[in-house]
Amino acid sequence: MKVVVTSSGKDLDADLDPRFGRAKYFIVVDTKSMDFEVKENTQNLNLPQGAGIQAGKTVAETGVEAVLTGNCGPKAFQVLETAGIHVITGIQGTVKGVVEKFNAGELSYAGGPNVEGHWV
Amino acid sequence: MIITIASGKGGTGKTTVTVNLAASINRDDVTVFDCDVEEPNSHIFIKPENISSEPISVMVPKVDTQRCTLCGACEEICQFSAITLVAKRIMTFPEMCHSCRGCEMVCPEDAVKEDSRVLGSVHQGKNARGIDLTWGELRVGEAMSPPLISQVKDRINPGGIALVDAPPGTSCPAIEALRSSDYALLVAEPTPFGLNDLALTVEALKKLKVPTGIVINRADDAPGIVEEYAKKEGIEILQRFPFSREAASICSRGKLLVNEMPEMKALFQQLFNRLNQLLTESKEAGEVGK
């Protein structure tokens, strides 16, 4: 299956970016082959509001089954939920490391957002 | 004649100046508009009676999914992601909506209908002395105050003297309160923090083209950083209210300084006379209302 990991860099050795909406990159990883593809999130980094919604859309378009991230707010969670994508929050490590944990069944899906929405 | 009392930094004395200025004007056409809708407090001092209230709502979109063809035109025009196409479904985020109705206008299928979201209330009452107060109160949990501030300001009768108590800061709520004022009276606190936020407000007012003056609250004896700044910017300092423990104590009990301290009353009357003079001069010069 394919998952998205929010990442601060462009490869599997990069650290997971704890922010979802304003993550630097989204890395789409095939959990079996560890093949990956990098999606930029520059547009959202500079958005005053609604970054979570737009990021949720970007991720929904990749057709992944789950998102591995640090924090996910209520609107982003709602978008991902609508798109049928599971969310795993509160994790850290390298992109590769978190996918390995995911494969080992050590991570569980979040039932809701883990942080509040914020306003500028 | 609309005089808006603003500051930049919070807690410098906007409300103190607004309510005491209102109470020191010897006319029967003084109205006060508390636009600090996130925490209005002018009513504590003005003590209005026979209060009437009305809820204030804004338009938000509601999509008729039977008619929607998922073309995405609404999503494209929305600058705030308040209406979004996700996984072949239209989602709306009412708290992001700025009520521009763009989605309603561009929908080729007439699928976007009008729904509403309550922002808060507008209250109005008159006190025993005849001062009319209108104030907005944002609903707890609501983050968008400018449309409510705009509703408070819609109730201004430009014929009389309207004193508008602005919210702190220099972002959208403060700008909404200051917009189209005849004069901005900035209440400055003589501290580096106060000066920093004062300067930000002055810059915003230059863009809004609103004539500006400063009053210094809790002033020290010696001229200081605010005077220096005002001189450099060519902004008049209309009054200086000295630091007074007694004044602080009176305010904390919800009382008006002009009723308790004759020396304060004199300062406020002097301030109004100067404001009146400035506004009459600029009216004659045709500057007001431009």
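## Briefing on a predicted two-chain complex

Chain B is divided into domain 1 (2-48 + 127-284) and domain 2 (58-118), with bounds that come from an automatic or database domain assignment. The C-alpha centres of domain 1 of chain B and domain 2 of chain B lie 39 Å apart. This is a predicted model, in which local features need pLDDT of at least 70 and side-chain atom pairs count only at pLDDT 80 or more, while totals for chains, interfaces and linings use all residues. Residues are numbered from 1 along each chain as its sequence is written, and chains are lettered from A and ligands numbered from 1 in the order in which they are written.

**Confidence**

- Chain B averages a pLDDT of 94, and 99% of its residues score at least 70; pLDDT is the predictor's confidence in each residue, from 0 to 100.
- For the complex, the predictor gives an ipTM of 0.83 and a pTM of 0.83.

**Where the chains meet**

- Ten residues of chain B are in contact with 13 residues of chain A, contact being defined as C-beta atoms, placed from the backbone, that lie within 7 Å of each other.
- On the side of chain B that touches chain A, the elements that give two or more residues are strand 4 (83-86) and strand 5 (89-92) of chain B; helices (H or I, at least four residues) and strands (E, at least two) are DSSP runs, numbered from the N terminus.
- The residues on this side of chain B divide into seven nonpolar, two polar and one charged, where Ala, Val, Leu, Ile, Met, Phe, Trp, Tyr, Cys and Pro count as nonpolar, Asp, Glu, Lys and Arg as charged, and the others, Gly among them, as polar.

- Helix 2 (residues 51-61) of chain A is mostly covered, with eight of its eleven residues buried; a residue is buried if 20 or more other C-beta atoms lie within 10 Å of its own, exposed if 12 or fewer, and partly exposed in between, with C-beta atoms placed from the backbone.
- The buried residues of helix 2 of chain A include Ile53(A), Lys57(A) and Val59(A), and the buried set packs against strand 1 (2-7), strand 2 (25-30), helix 1 (42-45), strand 4 (66-68) and helix 3 (74-82) of chain A, together with strand 4 of chain B.
- Just after helix 2 of chain A comes Gly63(A), which takes a positive phi of about 75°.
- Five strands of chain A form an open sheet in the order 3-2-1-4-5 with mixed pairing, two strands being paired if DSSP finds at least two bridges between them.
- The edge strands of this sheet are strand 3 (36-40) and strand 5 (86-88) of chain A, each of which pairs on one side only.
- Strand 1 of chain A and strand 2 of chain A run antiparallel and are joined by six bridges, and Thr6(A) stands opposite Phe26(A) in strand 2 of chain A.

- An open sheet of nine strands in chain B has the order 3-6-7-2-8-1-9-10-11, with mixed pairing, and its edge strands, each pairing on one side only, are strand 3 (49-63) and strand 11 (237-242) of chain B.
- Strand 1 (residues 2-6) of chain B pairs with strand 9 (residues 183-188) of chain B in the parallel sense over four bridges, and Thr4(B) stands opposite Ala184(B) in strand 9 of chain B.
- Helix 1 (residues 14-24) of chain B lies across strand 1, strand 2, strand 8 (161-165), strand 9 and strand 10 of chain B, and runs at about 160° to strand 8 of chain B; axes are lines fitted to C-alpha atoms, for helices over the stretch in contact, and angles run from 0 to 180 degrees between N-to-C directions.

**Chain B: individual residues**

- Asp36(B) lies in the loop between strand 2 (30-34) and helix 2 (42-46) of chain B, and counts as buried because 29 other C-beta atoms are within 10 Å.
- Leaving aside neighbours within four places in sequence, Asp36(B) is in contact with Asp165(B), Ala166(B) and Pro167(B).
- Ser99(B), in the loop between strand 5 and helix 4 (102-106) of chain B, has a phi near 55°, a positive value in a residue other than glycine, and counts as partly exposed because it has 18 C-beta neighbours inside 10 Å.
- Arg218(B), placed in strand 10 (residues 212-219) of chain B, has a positive phi near 55°, and with 19 C-beta neighbours inside 10 Å counts as partly exposed.

Key
Contact = placed C-beta atoms within 7 Å.
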